[in-house]
Amino acid sequence: MKLPGPLEKLRQKFFGNTITAFGWTSLILLILLSVAPAKNFFADWHRYQRGYERLISKRSDAVTLRRHFEPGIQQIWLPEMGVVDRCSTCHSALKEPTLADVAIQPYRPHPPIPHKLEEFGCVVCHRGQGTATSVEDAHKSTLAWEEPLLPAKYLESSCGQCHQQDLKGTPQLNLGRKTLRAYGCVHCHTVKQPDGTVIAGTDDPPSLAHIADKTTREWVYAWLKDPQAYSTTTTMPNFKLSDEDARDVSAFLISSSTPAALKVVQASLDEAKKVKDDAGLLTKASSLYGESFCASCHAVQNAAGNLVGGNIGPELTKIGSKAKPEWLQSWVRNPHDYDPPTGMPHYRFSDQEVGDLTGFLLAKADADLLANVHLDAPTGEQVAHGRRLVNDYGCASCHVINGVKKPENFAPELTKIGSKPSTQLAFAPGVPHTLYDYIGAKIKQPRAFGTGLKMPQYTFTPVQVDGLVNALLAHNERALTLPVSKTVPAPAASHYEPAGKAGQLMNDLNCFSCHAINGRGGDMAPDLTWEGSSVQRDWLVQFFRNPNTLRPALIRRMPKFNLTDADINTLTDYILAVYQSPKVDRDSMPLAGYPAIQVEQGKQLYYSKYGCQSCHIIDTKLDKGYIGPTLTHVGSRLTAAWIYNWMKDPSSLRPGTQEPKRNMSDDDARALTAFLMSQKGSEKQEAKKR
Amino acid sequence: MKRTACILIVLAAAFSVGCSRSSTSTTSMPKATAYGAAIVESSGGKQTAEVGTPLAQPVVVQVNDEQGSAVTGALVVLRGPNGIYLDPAAGLTDSSGQFTSNISMGTIPGRYQLVASTTTKMSKAVDLKIEEIALGYQETLGSQLNDQYCARCHNQESSAERVSNYDNLEVKPHPFTEGDTLNKMSDADLMAIISHGGPALNKSPLMAPYGYTLSKSEMQALIAYIRMVSDPPYGAPGIVYAQK
C-alpha cells in the first residue's frame, strides 16, 4: 500500500517497523482510554466539589464541615414519589446552616423550610432534572431534558401540589387560587383537585334571563364593548367584540329576556324621581345609604377617584346609567324577587325608604357612558347572529340565558396544565419557551396567541398573573399521583343549611354573605357557629333591633334590617338553641352575684398581670385599646361560662382569633370572669335600652 | 500543506465561535442630554417583597443640579446584585427630573443594595444607595404572622381599614424596624418575650404571651422576619451587596 507524498513519509517514520508501530499504537490507545476518566475529572460536579473543599478549608468550622462532606455523586432516591435527585452532588452545603453567610451558588445552605430534604428531595419543589449531573441539563431546558428549574416567584406552586388548603407561608399561591375562583376562570375551564372535586367559582355571574327588566340594550352594548368603563372593579372580561357583534349580542340578549316578578310601587317610583334631582333630599337619602351600611359590601368611587366600600357586591359608581327605575326600586325592596339566590339581604325598607335609596342610586349616573351609543331596532338576522355569537363565546358558561344551554367543558380542562410538556404548546411570538412563561403570557394577553381565539381579555394586575401561574402550575401530574401520605386535602366545602322558619329568615337576610356558620359563609363578620353559647338573650334581641358596633375601630358594620319582633324572636330562639358549643354549658355559671373580693381580684389581674387594657376598653376614660371588642357592657352581653372558657383557650372557641391563649389558672379565669360579668354598662344606658 | 493548515485554522475558528456561549450585552445606553450634580431618592426604598417577585412600588430617584432643582434628561444607571431584575436598568430623567424603575427581587433572601448613579458635567459619578429586602419562605411566613398578630400594636401606621393601636398603649412597643434596640436582643430573648410576654424580660405586661398560640417554628419565622426588616441591619446572615 502506497500513500501519497507527505503522508507516506509520516507512515514510514512512525509505523516503519513493528516495534515503533506497536509503541505508537499503544500510546494512541492509552490516550483514547484516558478520555473517560478525564471527562469525569473535568465534569461540572467534580469542579464544584473541589471548589467546596477549598471554600470550607478556610472556615473556622472546617473540620466539622469536612466530616459532613461526602465526595462523589450524591443521590436522594424516593421511589414512591419518583424522585432521583443528584442535586446535592454540587449543592454540598444544603444542610449546613453555618454557611448561611455564603452568597455564591452552589454552596448556599437551604433556607429553613418545614420539610426535610431526605423526605422530599429537590425537584418536587424546584423542578429541573434531578438525575442530571451537568449544570445545563439539571437547571435548563435542553433537548433531552425538557423540565427547567422553576423561578423563585413560582416556587409556591409546588407547595400547592400537596397542600390543597391555603397556607400562611404561601401568599402568592393563595392569591392565585382565590383569583382563579373569583374571576370565573373555572366556569369555562374544568379544574379538578387531586381528590376529584371540581373547583367551583366564588363569583356569582348574574342571570340574564330577565335582563331587559333590569337595564337597556344600550347599556348592554356599552358593557360588552368595555366592561371596565362602567366599573373598574368588575371581573367581567373584555371579549373585544366588534361594533356589529356587540350590537347583535345585545339584540339577542334583550330579545331572549322574559319578564321577572317585579313588585312596582308607584309611590316609591315617584319618591325616587323627586329625590334624584333634589340636592337636599339626596343628602338625606345619602345618610340612609350610610345607616344601612350599603358600603360594607358595595364600593363607590369618591371625588378623588378612590374606591370606598366593600367588594362583596358590585361597584355602584355609575349604577344610575345602568338600572331601570322600576327594577331598582324592586331590587332595593326585595332582591329575591328578581334573583332568588342573590347574596344581597332583604332589608325591610318602607316604600318611602325604597324610593329614597332608589333616587339616591339613580343620581349616580355617568352621562358620557351611553352618549355615543345609538342602536336601531334589531333585525331578525341580527338577533340570530347574536345567538350564534353567544354560543361561540360560551356566554352561558357563566350566565343563565334563556334558550341557551350551559356548554359542557367549553374550554380546555386545566387539571394537568402544570405538567404539560412545552413541546405540546403553541407559543406566541416573543414568549420564552417554558411552561410558566406560556401560562403567564396566555393569561396576560390571550388573543396574542392567534386569530379566532375566544378567551377574553382580563384586567389582572401583574401580581394576580403571577399568582394565577402559581395556582395553575400546582395542577400537575405529580399532584395527581402523590402517595396518600403526602397529600393534605382541602377541608370539604360546607353546604350547611339552617332549618325551619329561622332558616328561611336567615336565607332571606343572607346572613351567610357576611357571617360563617358551620364552615359555610363569608369572613367579613364574626363566625356564629357557637353564638348560642356566647351571648345573653336580652342582648341579642336588642342587637337585632339596633345593631351597634362592638369594636371602636371598625368601619364595616351590621346593618339594621327593620325586623319585626316575631322575626327577632324566631332568630334568637334558634340561635340560642342550635348554635351551642359542646365545650361550653351556657347555664353552668351565674350571670351575676360574684363576691366583691373576687371581682376586685379580677380587676387586678385584668390591669396588671394580663394587661388586657392593651387591646380592650373597660373604662372609657382610661383605657384606649382598639383591637378587641369594647367590654364596657360585656357583663350584659356574654354568658359567664363563655367568658370563662374563652379565658382558658380562645382559639379553641374561635380558631384564628387574635387573642392569645394565656395558660391561665382556673382561679385567675374565674376571677376575671367575675370582674368582666360585673361590667354591665352604666345604669342610664341600661334604662334607655329597656 | 499551506492550504490544509488554512482550512484547519478556519475550521477551528468556526468551531470556537460556534461553541462559545459568551453573549455580548446588546442593551444600548441612552445618551444623556443634561447633567446633574446630585441624585436623591424620591420613593421606593426599603420595601419588602418575596424572593423573585416584584416590589409593590417602583423605585423613583431624582437628579438635581447644584441649585437643587430637578434636571431633565440626565442619565441614571441602576445597578444591583446578581438576580435582581431592573426594568429599566438605565434611562434619562423625565420632565420632573425623575427616573422610575420597576424592580423584581432576586432569588436569595436578604438585603439588596441598589446603586443609582448619574454623571456630572465633569464626568464624575454620583452614587445613591437604595436598599430593598427580599423575603424567603421563613420571613414571608413571619410577615404574614406579623400582619395577623403583631402589626396592630407594633406598627404605627394607621389606615381606615386597619387602625393602629400603637398610640393607645401606655408603654410603647418597639416597631420591628427599630434595629437599634432589637439587634441587641438575642434570638433567645426574642423567643422568650414572644412566648412568655413582656414580663419574661422584665418588660411591660401589655405585651401578651403567644407561646400557647403560635408554634415554635412560627415564632422562629417571626424572628427571622424581624431580623430581616431591622434598620440598621441585623449583623447576621443574608446580606447581599451590589456588585462593583
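Which residues does B:Leu222 touch, not counting residues up to four places away in sequence? The partners are B:Gly142, B:Leu145, B:Asn146 and B:Ile194. Two residues count as in contact if their C-beta atoms, placed from the backbone, lie within 7 Å.

The model is predicted: local features need pLDDT of at least 70, side-chain atom pairs count only at pLDDT 80 or more, and totals for chains, interfaces and linings use all residues. Residues are numbered from 1 along each chain as its sequence is written, while chains are lettered from A and ligands numbered from 1 in the order in which they are written.

B:Leu222 also stands out in the largest nonpolar core. This core has 73 residues, and B:Val76, B:Ala134 and B:Leu222 touch the most other members. Helix H5 of chain B (residues 216-229) gives the largest share, nine residues. Domain 1 (38-135) and domain 2 (137-233) of chain B each supply at least three residues. A second, separate core holds 32 residues, among them A:Leu631, A:Trp642, A:Tyr644 and A:Phe675. A nonpolar core is a set of buried Ala, Val, Leu, Ile, Met, Phe, Trp, Tyr and Cys residues joined through C-beta atoms within 7 Å. Buried means 20 or more other C-beta atoms within 10 Å of the residue's own, exposed means 12 or fewer, and partly exposed lies in between; C-beta atoms are placed from the backbone. Helices (H or I, at least four residues) and strands (E, at least two) are DSSP runs, numbered from the N terminus. Domain bounds come from an automatic or database domain assignment.

The contact between the chains takes 36 residues from chain B and 35 residues from chain A. On the side of chain B, the largest share, 10 residues, comes from helix H2 (residues 137-154). That side has 20 nonpolar, 14 polar and two charged residues. Here Ala, Val, Leu, Ile, Met, Phe, Trp, Tyr, Cys and Pro count as nonpolar, Asp, Glu, Lys and Arg as charged, and the others, Gly among them, as polar.

Chain B has a cis peptide bond from B:Asp87 to B:Pro88, with omega near 0 degrees. B:Pro88 lies in the loop between strands S5 (85-87) and S6 (90-92). Another cis peptide bond joins B:Asp231 and B:Pro232, with omega about 5 degrees. B:Pro232 sits in the loop between H5 and strand S10 (239-240).

In chain A, A:Asn510 has a positive phi, near 50 degrees. A:Asn510 lies between helix H24 (500-509) and strand S5 (516-517), in a loop. A:Asn510 is buried, because 20 other C-beta atoms lie within 10 Å. A:Asn562 has a positive phi near 55 degrees. A:Asn562 is partly exposed, with 13 other C-beta atoms within 10 Å.
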